[in-house]
Amino acid sequence: FVALSGGRVTATIAASVFCFALIVCLRYAPNQMLVWLNLAFITITLTALLIDWLVFDPLIQYVTLLYGTFIGWYGIMDIWDDTISRTVEGSDASACFQMWPCCLPRCV
């Protein structure tokens with residue numbers, strides 16, 4: 001998303017793909033909370049898309065940059081939480097250490 005937020009057309013394509021993925025996820029939503037979150041993100045993204053094309057130019061680029069930054073930040077924090085900061089016996093880092101003893105759980 002961050003790479004696609006550089007231009008108006010690429011940001012529109014990224015936002016459209018994001019909305020399509022959220023619509024597909026509606027089919028497999030396990031509870032009502034996820035349905036409402038998906039619908040809220042679809043509404044926010046489509047509203048930003050319409051405002052961008054009709055009123056204010058770089059809005060959709062900012063929205064896709066925001067989504068991409070938060071997705072990247074969540075990925076980094078998930079890796080930190082699951083592998084580096086956790087040394088519990090059932091964690092991913094401990095499982096990796098069992099497969100490759102040279103990789104200590106705090107260094108994976």
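Q: How many aromatic pairs does a search of the whole structure find?
A: Three aromatic pairs turn up in the whole structure. Rings of Phe, Tyr and Trp (its six-membered ring) count as a pair if their centres lie within 6.5 Å; planes under 30 degrees apart are stacked, over 60 edge-to-face, and the rest tilted. One of the pairs is Phe18 with Phe41, edge-to-face at 6.4 Å centre to centre and 85° between the planes. That pair links distant parts of the chain, with Phe18 in helix α1 and Phe41 in helix α2, 23 residues apart. Helices are DSSP runs (H or I, at least four residues), and strands are E runs of at least two, numbered from the N terminus.

Q: What kind of model is this, and how are residues numbered?
A: This is a predicted model, in which local features need pLDDT of at least 70 and side-chain atom pairs count only at pLDDT 80 or more, while totals for chains, interfaces and linings use all residues. Residues are numbered from 1 along each chain as its sequence is written, and side-chain values use heavy atoms, with hydrogens and water left out.

Q: Which residue does Phe41 pair with in helix α3?
A: Phe41 forms an edge-to-face pair with Tyr67, 5.8 Å centre to centre and 75° between the planes. Phe41 in helix α2 and Tyr67 in helix α3 are 26 residues apart. Tyr67 is buried, with a relative accessible area of 10%. Phe18, Phe41 and Tyr67 form one aromatic cluster.

Q: New topic: how many salt bridges does the structure hold?
A: The structure holds two salt bridges, a salt bridge being a side-chain nitrogen of Lys or Arg within 4 Å of a carboxyl oxygen of Asp or Glu. In one of them, the side chains of Arg8 and Asp52 meet at 3.2 Å, N to O. Arg8 is in helix α1 and Asp52 in helix α2, 44 residues apart.

Q: Are Arg8 and Asp52 buried or partly exposed?
A: Arg8 counts as partly exposed, at 26% relative accessibility, and Asp52 counts as buried, at 1%.

Q: What does Asp57 do there?
A: Asp57 forms a salt bridge with Arg8, with the closest N and O atoms 3.4 Å apart. Asp57 lies in the loop between α2 and α3 and Arg8 in helix α1, so the pair ties together parts that are 49 residues apart in sequence.

Q: Which ring does Arg8 lie over?
A: Arg8 lies over the face of Trp53, at 3.9 Å from the ring centre. A charge sits over a ring if NZ of Lys or CZ of Arg is within 6 Å of the ring centre and within 35 degrees of the ring normal. The charged end of Arg27 sits over the ring of Tyr28, 5.6 Å from its centre.

Q: And the surface: which residues make the nonpolar patch?
A: The nonpolar patch covers about 1,100 Å², and its residues include Val9, Ile13, Trp53, Phe56 and Tyr62. Patches are made of residues with over 30% relative accessible area and no salt bridge, with like charges joined within 9 Å and nonpolar side chains (Val, Leu, Ile, Met, Phe, Trp, Tyr) within 5 Å. Accessible areas come from the Shrake-Rupley method with a 1.4 Å probe; for residues, only the protein chains shown count as cover.

Q: Which helix gives the most to the patch?
A: Helix α2 gives the most, with four residues.

Technical notes: Buried means under 20% relative accessible area, exposed over 50%, partly exposed in between (1.4 Å probe, protein chains only).
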